[in-house]
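Visitor: Could you take me through this model and say what stands behind the words you use for it?

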Amino acid sequence: MVRRAVATAPERRATAVGAPIPIPSKKPPLGGRAAPLPLLEHPQPQPQHQVLHQAQSAPTQSDAPQTAAPTDHRPEHGSLTILRRNNTYRKRSKPRLVSMLSDSTELLQPRAQDPEACGRAAVRLRHLLSMLDKGEVSPEIIQNNIEYALRVLETFNINEKRCPSEDEEDELSEVQQDAVPPEVREWLASTFTRQNTLHKKRADGQPKFRTVANVIRMGIMVEKMTRRMSSSGLMEVPPAVTAALQSIDSWSYDVFRLAEASGGAPLRHLGYELINRYGLFHKFKIQPAKLDTYLQTVEHGYGRYKNPYHNSSHAADVTQTVHYIMSQMALVRFLTDLEVLAMLLAAIVHDVEHTGTTNNFHVNSSSETALIYNDKSVLENFHVSNAFRILREEECNFLCNLSREEYTELRSLVVDMVLATDMSSHFQQIKCMKNYVINSESAVDKSKILNLVLHCCDISHPSKDWELHSHWTKLLLDEFFLQGDKEKQLGLPVSPLCDRATTLVPQSQIGFIEFIVEPSMSVCGELLEKVAAYLHGAETGGAANGIDYKPGDVRPARPPLPWSCRPWEECLAYNLECWRRKEQAEQSTESRQPSKERWSEEEEGGAGEGEQEKEDVDAESSTDQQSPSPDT
């Protein structure tokens, strides 16, 4: 047993490892003399121990030598001998360092795209620097380790593991000055870019692929999705709602018909149907009554402010679009059951209790919500917070049977997806996924894929049939104009596209489709094709992106993908052409009416039904050119 003397703080800081600890002066205790300090009996030398000894008059910590005490040596009175095991004190030997830095096997572990690769590269570089100081490393070892560190840095840069710099390039700089009117450009800049803010990135580990038994899992999923709500324990569905849900697997689904058939509760019936179709009731032991109560409470929250656009019909439309991409474009085979549930839940709640105003309005008006969330993704934080606050109510907690780990993962996924619907992070999100699609060697973060899918579904109405898109546009403009009226009452600057007297409707929709929707859906389509190729390659015996071939090898043709159609492309092209025709019609009109009123009159007059809509616009343009107004 080793007796330890208590040293003061300065003495502890000045004492080197292995140096003797000074013993305080022997003052007699109260009432008697101090007992003499017994000498330490030095143990016999053992292979696993090293005895360190130093006299009180040893040099300072920086140059204090560490020597092994001889076998027959007894420490001087007033000094302390410290015993340490070799495996805890001895530093890594030089041969081991050289082996670690030069071994070709270790240079490949871990891979550059693995989360722990960054830390491993840092350790290797630190050891390399220590050996460079002594001149004990060859140029080949230096080159190999620096190349490994560069691969790690390039991979992490592509995946945007680091926070973006403040001088990040403005994506709108690529838009020509005369491509869109100034008001539309201002709206694009204020809505889809971040101004004077930095986007904070997650640095945790990446979700892993699930590559085992994809074929079997797909067969089970098909069986689950063919189930109907015939069980007596499930919610009773009116026949009109059942008929409206029959076309739920189509791209241009008419959610307005479902809203009418359900008596204004489309989200309740759609959300219930999809959770049942994917077999999630049985998988997570969801109680139907609690799920029904939760959906009704969420739907009631959507109707709190009676918004023309951001209501339960919009949430149901986004949820149905998510379902289409998961079921018809092979994404469901890429996801676990928990991720499917998180995807549906995020779509259902992504705009719950929306105030009918934008984030900029909350920030400029210093609303209570903006103060709570510090002007950062104000509405998105508000939505996801309300969604989980409702889940805390006992009668609404349909996730009560999830394990703690499952609930934690689901909450993290839902929070990330809802926050990613913030339009100010649009360009950064698209740029990140473009890099992944282009670079086949970059690692995949499943959460980022889910974020992009939900974001694209949130802005997807211009990629649906004209009848649906034109109706959604009218509702959105009504909501924008109500915000403009509030801003005038509060004495605030009117936000772009919110002034009912000056807004250019066709031009705004053209800019929205060309610069926001079309690029987003294009990247989403390429991403889904890459995911399908990954799954198809895994099922046919290949690697994630097919078989890894060496340079110069002849690669066979890739097997056909499960799908190769992008249903939104035709709709986007047609809708864009319709808006351009309307723009030409307005420009040729001599008597200029407010754009919103003129567009509303055309909508009420039946514009937008197939080829008849184009003929109406052509006839209107011809009439305007033949009959100029008296004001000209």
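This is a predicted model: local features need pLDDT of at least 70, side-chain atom pairs count only at pLDDT 80 or more; totals for chains, interfaces and linings use all residues.

Visitor: Why is Trp-251 called buried?

Guide: Buried means under 20% relative accessible area, exposed over 50% and partly exposed in between, with a 1.4 Å probe and protein chains only; Trp-251 has a relative accessible area of 7%, so Trp-251 is buried. Trp-568, at 1%, is buried as well.

Visitor: What makes the pair of Trp-251 and Trp-568 tilted?

Guide: Rings of Phe, Tyr and Trp (its six-membered ring) pair if their centres lie within 6.5 Å, and planes under 30 degrees apart count as stacked, over 60 as edge-to-face and the rest as tilted. By this rule there are eight aromatic pairs. The centres of Trp-251 and Trp-568 are 5.5 Å apart and their planes stand at 55°, so this pair is tilted.

Visitor: How do you know that a charge sits over the ring of Trp-251?

Guide: The rule asks for NZ of Lys or CZ of Arg within 6 Å of the ring centre and within 35 degrees of the ring normal. The charged end of Lys-464 sits over the ring of Trp-251, 5.2 Å from its centre.

Technical notes: Residues are numbered from 1 along each chain as its sequence is written. Side-chain values use heavy atoms; hydrogens and water are left out.
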